[in-house]
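Please have a look at it first.

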Amino acid sequence: SLGKEGLNLFDLIKFIKPENSNSEIRTLITQGAISLGGEKLTDPKKEILLNESPQELKIGKRGFFKVKI
């Protein structure tokens with residue numbers, strides 16, 4: 001379960017896609033393949049604050065997720 005305080009981008013992706021290796025996740029992030037609410041995220045250490053309203057998380061071209069606490 002995710003805490004209400006949020007977590008960094010790398011940990012969020014690892015939580016959603018545990019089958020991906022750490023280096024695959026880092027590569028996805030640094031190459032701009034991750035966006036949250038339409039904003040591209042390229043810093044694996046960026047703190048993501050989640051709230052009650054769902055936010056659309058896009059991983060690559062086809063991976064869409066709704067993130068909500």
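Predicted model: local features only at pLDDT ≥ 70, side-chain atom pairs only at ≥ 80, totals over all residues.

Let me begin with a pair of charged residues: the side chains of Lys-17 and Glu-19 meet in a salt bridge, with 3.4 Å from N to O. By salt bridge I mean a side-chain nitrogen of Lys or Arg within 4 Å of a carboxyl oxygen of Asp or Glu, and by this rule the count comes to one. As background, side chains of opposite charge can pair when their charged atoms come close.

Residues are numbered from 1 along each chain as its sequence is written, and side-chain values use heavy atoms, with hydrogens and water left out.

Now, is Glu-19 buried or exposed? Glu-19 counts as exposed because its relative accessibility is 56%, where buried means under 20% relative accessible area, exposed means over 50%, and partly exposed lies in between, using a 1.4 Å probe and protein chains only. Asn-20, on the other hand, has a relative accessible area of 13% and is therefore buried. Asn-20 sits in the loop between α1 (9–16) and α2 (22–30), and, leaving aside residues up to four places away in sequence, Asn-20 touches Lys-14, Ile-25 and Leu-28; contact here means heavy atoms within 4.5 Å.

Stepping back to the whole chain, we find two helices and six strands, which follow the pattern β-α-α-β-β-β-β-β when read along the sequence. Helices (H or I, at least four residues) and strands (E, at least two) are DSSP runs, numbered from the N terminus. Of the 69 residues in the protein chain, 33% are buried, and among contacts with a separation of 6 or more, 40% are between residues 24 or more positions apart.

Let us turn to helix α1, and ask which of its residues are buried. They are Leu-9, Phe-10, Leu-12 and Ile-13, and they lie on the same side of α1 because they cover an arc of only 165° around the axis, the arc being that of the directions from the helix axis to the C-beta atoms. At the start of this helix, a side-chain oxygen of Asn-8 reaches to within 3.3 Å of the backbone nitrogen of Phe-10. Ile-16 also belongs to helix α1, but Ile-16 counts as partly exposed because its relative accessibility is 22%. From Ile-16 to Phe-65 there are 49 residues in sequence, and 8.7 Å in space, C-alpha to C-alpha.

Next comes the largest nonpolar core, which has 14 residues, and in which Leu-9, Ile-13, Ile-29, Ile-34, Ile-48 and Leu-57 touch the most other members. A nonpolar core is a set of buried Ala, Val, Leu, Ile, Met, Phe, Trp, Tyr and Cys residues joined through side-chain atoms within 4.5 Å. At least two residues of this core come from each of α1, α2, β2 (34–36) and β5 (55–59), and α1 gives the most, with four residues. In soluble globular proteins, nonpolar side chains tend to be buried together.

Finally, consider Leu-57, which is found in strand β5 and counts as buried because its relative accessibility is 0%. The C-alpha atoms of Leu-57 and Leu-36 are separated by 4.5 Å, although these residues are 21 apart along the chain. Gly-37, in the loop between β2 and β3 (39–41), lies 20 residues from Leu-57 along the chain, with 6.5 Å between their C-alpha atoms, yet Gly-37 counts as exposed, at 63% relative accessibility.

Methods: Polar contact = N/O pair within 3.5 Å; in protein donor to acceptor, adjacent residues only side chain to side chain.
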